[in-house]
Amino acid sequence: PIYPWFTALVNGFTPYVEPSTYPQNQLITINSGSNYFVNIAQAQKLLLIAAYMFLAGVVARSGAPLLGPLFFIIYWQREYQTSYGSYILAECVTESLILILIAVFLLCVQTPRKKYLYFLAIISALIFLTRPAGAYVGAIFAAGICFLTFKCFKKYWLPSLFSIGL
């Protein structure tokens, strides 16, 4: 249900109305209903760029300040980013959420805090609700729980159980 909510939010909860006619041998104008899908494609790309930048910022915090921008440049140069980001599919939103999940996991490793467990749980659930095939990210969530629980069992066992409940 997350992707339909995302598309509805992007378009201000206005329903899509199929144009009655399309001009033949001409480009479809913005007023013909295609603006609905253009908004979604642009929002997907912006979300993906924001997720890349967030992850790059977390990576840069790890001690090598140039590593974050370098990561962003190299990762963004993958060729399919510009092609499949224009499709109206859940993959782009799912990838954005996965990148955010990885960034939160790295934050959890860098500076352990209880709130990161909750963020890991919520983002993992959002990924599953966006695209059920993304259930494998539960391994990252489990790694975060294991890391914090082994780091200090007394401090993190109850938040770990609560985050599993989330």
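1. Cysteine 108 counts as buried because its relative accessibility is 0%; buried means under 20% relative accessible area, exposed over 50%, and partly exposed in between (1.4 Å probe, protein chains only). Cysteine 146, with a relative accessible area of 39%, is partly exposed. The structure holds zero disulfides (pairs of cysteine sulfur atoms within 2.5 Å).

2. The model is predicted: local features need pLDDT of at least 70 and side-chain atom pairs pLDDT 80 or more, whereas totals for chains, interfaces and linings use all residues. Residues are numbered from 1 along each chain as its sequence is written, and side-chain values use heavy atoms, with hydrogens and water left out.

3. The protein has eight helices and zero strands; helices (H or I, at least four residues) and strands (E, at least two) are DSSP runs, numbered from the N terminus. Of its 166 residues, 35% count as buried.

4. The largest nonpolar core has 33 residues, and Tyr3, Leu99, Leu101 and Ile127 have the most contacts inside it. Such a core is a set of buried Ala, Val, Leu, Ile, Met, Phe, Trp, Tyr and Cys residues joined through side-chain atoms within 4.5 Å. Two or more residues each come from α1 (2-10), α2 (35-60), α5 (91-110), α6 (114-130) and α7 (138-151); α5 gives the largest share, 10 residues.

5. Not counting residues up to four places away in sequence, isoleucine 127 touches Thr94, Leu97, Ile98, Leu101, Gly134 and Val137, contact meaning heavy atoms within 4.5 Å. Among contacts between residues at least 6 apart in sequence, 69% join residues at least 24 apart.
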